[in-house]
Each structure stands twice: as C-alpha cells, then as structure tokens.
Amino acid sequence: MSRSVNVGVIGTGGMGGRHASNLTYMVAAAEVTAIMDVDSKRAEEIAARCGGAIIYNEAEQLISSPEVDAVVIAAPNRFHAELTRACIAAGKPVLCEKPLATDGVEARGVIDAEVAGGRRLVQVGLMRQFDPAHVAVKRVSDSGAQGNALVFRSVHINPSSDEVPSLGDVITGSLIHDIHSARWMMGDEIVRVHTSFIPFSSDRPDSARYVMVQLEFANGALGGLECNADAGYGYEIEVSITGETGVVRSSPLQSPVVRHSNASGQWVEEDWLQRFNEAYIIEVQAWVQSILDGEATGPSAWDGYVSILAADACIESGERGQPVSLDLPGKPELYG
C-alpha cells in the first residue's frame with residue numbers, strides 16, 4: 001500500500017459526515033474516495049465536501065471497489081455486523097461505529113470471521129479511548145501514584161431527545177461507551193452488574209429517563225455508571241478513578257469559566273459531536289496510521305463484543321430488577 005489510504009464511508013449522517021470531513025481535512029495520509037448512503041442528496045453533499053468522491057448505491061459495491069483500501073461503517077446499527085463481516089471477507093481494514101452489532105450473537109460472528117482470517121482488521125468506534133481527558137485520567141491512575149484503583153465512576157448527561165428511549169436504547173446507545181471506558185481505564189473485566197432506572201412515566205415502564213449501573217470487577221474493584229437521558233440543558237461527560245490514596249477526575253466541561261456581572265458560568269456542549277470533536281480527529285488519525293503500519297490498534301472487535309455482552313447483562317439486570325453475572329468466553333489469541 002502507498003503512503004495514502006483511500007477510504008470509503010458507508011452512512012453519511014452525523015457520525016459518517018464527521019468522519020468523512022475529518023479524514024479529508026485532518027488526516028494528510030487519507031483520501032475519501034467513495035461514499036454510500038440511501039439518502040442520495042446527503043451522499044452528494046458529503047461527496048462534494050470530500051472533493052468529488054464516487055457515490056455508490058450499494059454498500060457491498062463500495063466495499064469491493066478497487067478504489068477503496070479501507071472502510072468506515074456509520075450506517076444504522078442493524079447493518080454494522082453484516083457490513084463488518086463483508087469488509088473482513090474482502091480483507092479491508094474497517095472502522096465500525098459502535099455498537100459492533102445488535103447483540104452478542106451477531107458480535108460473536110464478527111469475532112469468528114476475524115479470527116478465521118488470521119489478522120485484526122476491525123477497530124470499533126469507542127472513541128473515548130482517544131479523548132485527551134479520559135487518557136489523562138487513565139495515565140494518572142496507571143502511574144500508581146494513588147495506589148491501586150478501587151472505584152471507577154462515570155456520569156453521562158444527554159440533552160433532551162424527540163423520542164422516548166427504552167432502557168435498551170440508553171444502554172446500547174449511550175452507556176456502552178461508559179462500559180468500555182470502565183474496562184479500558186481499570187484494565188480489568190466486569191464480572192457483575194446491577195441496573196436501576198427511572199422511567200419517563202408510569203404508562204411507559206419500559207422507558208428510561210435516568211439509569212444507574214453498579215459494577216463489580218474481577219479484581220474486586222467497584223464501579224458506578226450514571227446516565228441522564230433527558231437532562232434538557234446540554235451534554236456532559238465526567239469520569240473518575242478512586243485509588244487507595246487519592247482520586248483523579250476529569251472536568252465535566254471543556255469551556256473556560258467566565259465571571260461577569262456578578263455571575264460565574266461555563267458554556268455546556270450541545271452534543272457529543274462537540275464534546276468529543278478532538279477525540280474523533282485523533283481516532284481517525286490513529287486508525288489510518290495503523291493501516292499504514294500494518295498493525296491494528298485501538299478498540300478491537302473483542303472490545304466491541306465484550307462491551308455488548310456487558311450491555312446485554314445491564315439490560316437484563318434492569319428488566320429483572322436484580323444483579324446479573326457475566327461469564328465471559330475465553331479471549332482468542334488474536335486479541336492478545
């Protein structure tokens with residue numbers, strides 16, 4: 001492969017459009033050469049933004065195109081596993097947005113396909129692993145300056161939505177990021193979860209306005225995940241790790257503190273695209289560099305698979321109203 005990677009992007013909504021723009025303008029070693037979306041007008045807009053990329057009507061055509069070296073999958077969740085397997089079959093590196101699949105069985109199919117191929121081709125879009133604030137917290141914790149990590153905690157605040165989310169929507173759509181953060185930042189697997197939630201109303205008991213998940217890790221550490229699905233004022237993420245002799249915590253807001261006219265305040269980001277703008281850039285830069293280096297890095301298909309298994313356990317716990325244990329399968333050698 002030359003020192004430039006030709007990328008095809010499947011799905012050009014908020015995430016796909018952001019990835020296409022970042023690859024075009026923020027990654028010197030990448031060129032977006034192909035676009036696919038069922039919304040032809042949107043596809044045309046993104047293709048023009050990327051300098052005239054070829055527009056495909058079918059995802060499979062894009063994946064098999066000789067003009068495409070690697071693929072970004074930002075299509076609706078139900079297509080993620082199928083399209084990722086198609087990329088593996090074509091031998092093309094793929095950055096698949098989270099979740100990797102809609103359930104553990106689908107995700108296991110991706111694992112089996114990648115293992116059978118004998119090389120890592122999949123990176124999952126669990127982008128907090130590239131967020132400077134999360135990386136800084138992990139670096140301090142890993143230094144050992146605060147002793148062993150005892151407790152992981154994350155608070156996830158979403159703005160209001162036009163739709164009323166179910167418990168499954170909140171966990172697989174939002175908290176799955178926090179689940180991966182917990183595993184990655186603590187360097188350990190989750191073995192037990194206990195989910196509690198508040199519905200939006202009594203006539204929608206399946207809905208979830210606020211979700212809290214208690215975690216237990218294999219080494220005995222604890223964790224807590226919170227998600228407000230309808231805060232109404234903006235988007236915030238805060239993460240902390242409590243050690244034996246101290247606590248390291250990220251700031252929930254990235255903006256400066258402004259004091260004026262007898263008041264003090266900060267601007268709150270509107271959504272995740274604003275909050276994680278830098279993380280998305282670093283994510284695609286690292287992905288393209290890994291392709292050039294011939295060695296996959298970042299969150300793997302295994303990380304995506306285990307996060308889904310944990311998410312499924314969280315949903316089951318919330319529906320049953322009791323703790324649920326995770327019995328993870330053995331990790332294939334491909335994933336270290």
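Hi everyone, let me begin with a term: domain bounds, as I use them here, come from an automatic or database domain assignment. For this protein, that assignment gives domain 1 (5-127 + 277-300) and domain 2 (129-270 + 306-335). The centres of domain 1 and domain 2, taken over C-alpha atoms, are separated by 26 Å.

Some ground rules. This is a predicted model, where local features need pLDDT of at least 70 and side-chain atom pairs count only at pLDDT 80 or more, while totals for chains, interfaces and linings use all residues. Residues are numbered from 1 along each chain as its sequence is written, and side-chain values use heavy atoms, leaving out hydrogens and water.

So how do the two domains meet? In domain 1, 26 residues are in contact (heavy atoms within 4.5 Å) with 17 residues of domain 2. Between them the domains bury about 1,700 Å², with 71% of it on carbon and sulfur atoms; buried area is the accessible area (1.4 Å probe) that two parts lose on being put together, summed over both. K98, L126 and M127 supply 30% of the area that domain 1 buries against domain 2, more than any other three residues.

Now let's look inside. A nonpolar core is a set of buried Ala, Val, Leu, Ile, Met, Phe, Trp, Tyr and Cys residues joined through side-chain atoms within 4.5 Å, and buried means under 20% relative accessible area (1.4 Å probe, protein chains only). The largest nonpolar core here has 64 residues, and I10, L100, F152 and V193 have the most contacts inside it. At least three of its residues come from each of domain 1 and domain 2. There is also a second, separate core of 23 residues, including V7, I35, I46 and L292.

Last topic: rings. Rings of Phe, Tyr and Trp (its six-membered ring) pair if their centres lie within 6.5 Å; planes under 30 degrees apart count as stacked, over 60 as edge-to-face and the rest as tilted. How many aromatic pairs does a search of the whole structure find? Four. In one of them, Y235 and F276 have ring centres 6.3 Å apart and planes at 80°, so this pair is edge-to-face. Y235 counts as buried at 3% relative accessibility, and F276 is buried at 0%. Ring pairs also link Y235, W272 and F276 into a cluster.

W302 and Y305 form an edge-to-face pair too, 5.4 Å centre to centre with 65° between the planes. Both W302 and Y305 are buried.

How values were computed: Buried means under 20% relative accessible area, exposed over 50%, partly exposed in between (1.4 Å probe, protein chains only).
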